[in-house]
Amino acid sequence: MPGVPLGRWAVVTVALAGIAVPVCVAGRPAGRHTGAARPVLVGPVGHQSRGEAEGSYAPRSMLAAPTVGLLSNATAVEGVPPFVAAGARYIEGSNVLRLASGRWKYLPAAGTASVVVAPGHPAAWQQIVQSRAWLASGRVPGRSPAQRAAAGRALLAVRALLRPNGALAAGWSPGWKYSWPRDSGFASAAFAHTGHDAEAYRILCYSAATQREDGTWEARTKLDGSGPPDGRRWQLDANGWVPWATWQWYRTAPRTTRHARLITLYPMIRKAADHAAGSLRADGLPPASPDYWELMTTTANIGTAAPLLAGLNASADLAREANRPDDAARWTRAARRLSSAITARFLPLGYQRTVDGRHGLDSAVAFMAPPFNAAPAGLPRALDATYRALLLPNGGLTPGNDPTAPWGGNAWTPSTALFALAWATTGRPQKAGQVMDWILSKRNSLGELPEKVDKEGGPSSVAPLAWTGSIAVLSLVALDGTTLPTPPLRN
């Protein structure tokens with residue numbers, strides 16, 4: 001999962017300038033960071049902020065706090081720290097803040113630093129009109145006004161985290177301000193199923209541009225596409241998530257243009273699927289690889305095997321659409337081998353985290369459900385058992401109960417939301433709705449979905465988190481009664 005422990009610093013970066021729009025060609029950099037950051041100055045000793053944040057000084061106690069919201073325009077983003085958010089609210093359908101004073105704070109078009117203006121300021125109002133028009137151009141899911149408001153807020157947040165070059169920041173705080181293929185894939189699917197084709201496709205183009213020559217991806221990249229920020233191990237699950245996201249986009253894309261754009265993306269799919277198929281061992285399972293925990297396991301894990309199965313099935317179906325029958329047959333055979341191996345090795349364990357059964361239950365069991373994979377034998381029982389085992393007193397889930405990697409008392413919203421999605425897509429809307437109600441009740445004062453919920457039940461860590469927002473949107477689409485498609489496993 002995104003994030004690293006945060007230390008203290010004297011200057012906080014709060015803005016990032018625009019980045020070039022990508023050309024959808026695999027293996028080429030996706031653009032360069034060109035702008036400068038604006039610092040927030042540390043208040044002098046004895047300085048007392050009124051919490052309205054109309055000046056340049058931030059309280060020292062707030063400097064290490066993750067963002068709780070976002071200001072954005074078409075090219076730049078500025079994080080909203082807690083002291084700015086105090087008493088503030090977004091103007092409905094926008095990323096313009098109404099401060100406690102009643103004045104408005106927004107990021108002007110083509111600007112990299114926010115300004116505070118009088119209510120109704122023409123340029124700020126124009127930005128509100130534009131963001132509302134963007135929401136209206138697609139679909140805002142939800143069965144109630146509260147759900148639709150939460151979905152709209154999540155869509156605006158994920159849109160703000162999407163850079164012009166297609167890189168998607170996991171969040172807008174240090175440690176999260178990078179692009180993960182997994183998070184990006186979920187965001188692309190959420191955009192696709194809410195009618196925002198351009199954003200969905202832009203993400204896929206960035207994935208094509210940052211794919212490595214062997215068909216894999218780094219665990220995460222800098223937002224300018226120049227490469228990874230550190231030496232953490234790459235993750236094989238990306239070879240499942242990116243083709244799966246491409247298939248989800250293709251199923252929703254305008255028929256008049258989708259085939260030509262698929263052909264542009266197809267070299268990425270071929271390299272990804274060939275690497276995934278070639279990675280399968282004699283027993284049909286993939287090798288040990290870091291899963292979405294970003295921790296290495298010594299044996300195959302369900303957090304890698306399930307996404308690869310989804311990706312191979314998606315790739316085979318895309319190959320048929322692209323009139324590549326040999327590719328389709330090759331990847332279908334690999335998918336069958338992997339599916340049989342998952343049934344033989346993971347099913348008897350209740351789809352635990354690792355095939356050796358030594359690392360407990362895991363929220364990645366939800367990756368075996370639609371819209372990733374057709375629910376296999378034993379999955380309903382495994383979902384129920386895993387949910388009960390991972391449930392914390394605050395009502396959310398810990399990602400897993402592996403005794404070697406304790407997560408503590410904080411619930412993680414992506415892990416919890418995955419069960420809402422799994423139950424919504426497997427005919428259990430009441431259970432899904434209960435989980436979604438909990439998720440939406442943990443939004444912060446600005447309505448943003450946080451990464452974690454603390455022991456006391458309050459939002460914690462960075463907000464908004466793109467992955468949680470994307471899962472929530474997909475879950476609400478499914479709860480609306482729309483069947484989210486699942487890549488078929490063909491005989």
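This report describes helix packing, pockets, cavities and some backbone features in a predicted model.

## Helix 5 and helix 7

Two packed helices are described by the angle between their axes and the distance between the axes. For helix 5, which covers residues 197-210, and helix 7, which covers residues 255-279, the axes come within 9 Å and cross at roughly 30 degrees. Angles under 35 degrees count as roughly parallel, and helix 5 and helix 7 are therefore described as roughly parallel to each other. The crossing of these two helices, helix 5 and helix 7, is left-handed.

On the side of helix 5, the contact is made by D197, Y201, L204, C205, S207 and A208, while helix 7 contributes R261, T264, L265 and M268. Sorted by class, the residues in this contact of helix 5 with helix 7 are 6 nonpolar, 2 polar and 2 charged.

## Helix 4 and helix 5

Helix 5 also packs with helix 4, which is formed by residues 181-192, and here the angle is about 155 degrees with the axes 7 Å apart. Angles over 145 degrees count as roughly antiparallel, and helix 4 and helix 5 are therefore roughly antiparallel to each other. Helix 4 passes helix 5 in a crossing that is left-handed.

In this pairing, S184, A187, S188, F191 and A192 of helix 4 meet E199, A200, I203 and L204 of helix 5. The contact of helix 4 with helix 5 has, by class, 6 nonpolar, 2 polar and 1 charged residues. L204 of helix 5 is listed in the contact with helix 7 and also in the contact with helix 4.

## The largest pocket

Rolling a probe the size of a water molecule over the atoms shows where empty space is left. In this model the largest pocket holds about 430 Å³ of space. Its lining is made up of 23 residues, and those that lie nearest the centre of the largest pocket are S72, N73, A74, Q127 and R159.

Three helices, namely helix 2 (122-136), helix 3 (145-161) and helix 5, each supply at least two residues of the lining of the largest pocket. Helix 2 provides the largest share of that lining, with 6 residues. When the lining of the largest pocket is divided by class, 11 residues are nonpolar, 8 are polar and 4 are charged.

## The second largest pocket

The second largest pocket has a volume of about 310 Å³. It is lined by 16 residues, of which E92, G93, A149, G152 and R153 lie nearest the centre of the pocket.

At least two residues of the lining of the second largest pocket come from each of strand 6 (89-90) and helix 3. Helix 3 gives the most to this lining, with 5 residues. Helix 3 also supplies at least two residues to the lining of the largest pocket. By class, the lining of the second largest pocket consists of 7 nonpolar, 4 polar and 5 charged residues.

## Cavities

A search of the whole structure finds 5 cavities of 30 Å³ or more. The second largest cavity has a volume of about 70 Å³. Its lining comprises 13 residues, and the closest to the centre of the second largest cavity are S179, W180, P181, Y206 and T210.

Helix 4 and helix 5 are the elements that give two or more residues to the lining of the second largest cavity. Helix 5 accounts for the largest share of this lining, 4 residues. The lining of the second largest cavity divides into 5 nonpolar, 6 polar and 2 charged residues.

## Backbone features

Most residues other than glycine have a negative phi, and most peptide bonds are trans. In this model, the peptide bond from P370 to P371 is cis, with omega near 10 degrees, and P371 lies in the loop between helix 9 (325-345) and helix 10 (379-390). The peptide bond from A463 to P464 is also cis, with omega near -5 degrees, and P464 is found in the loop between strand 12 (459-460) and helix 13 (466-479).

E294 is not a glycine, although it has a positive phi of about 60 degrees. This residue, E294, lies in the loop between helix 7 and helix 8 (302-321).

Definitions and conventions:
Residues numbered from 1 in each chain as written. Predicted model: local features only at pLDDT ≥ 70, side-chain atom pairs only at ≥ 80, totals over all residues. Heavy atoms only, no water. Axes fitted to C-alpha atoms, helices over the stretch in contact; angles between N-to-C directions. Parallel < 35°, antiparallel > 145°, perpendicular 65-115°, else oblique. Left-handed = near helix turned anticlockwise from the far one by under 90°. Contact = heavy atoms within 4.5 Å. Nonpolar A, V, L, I, M, F, W, Y, C, P; charged D, E, K, R; others polar. 1 Å grid on protein atoms, 1.4 Å probe; cavity = no way out; pocket = protein on both sides within 12 Å on 5 of 7 lines; lining within 4 Å. Points joined across faces, edges and corners; volume = space filled by probe spheres on them.
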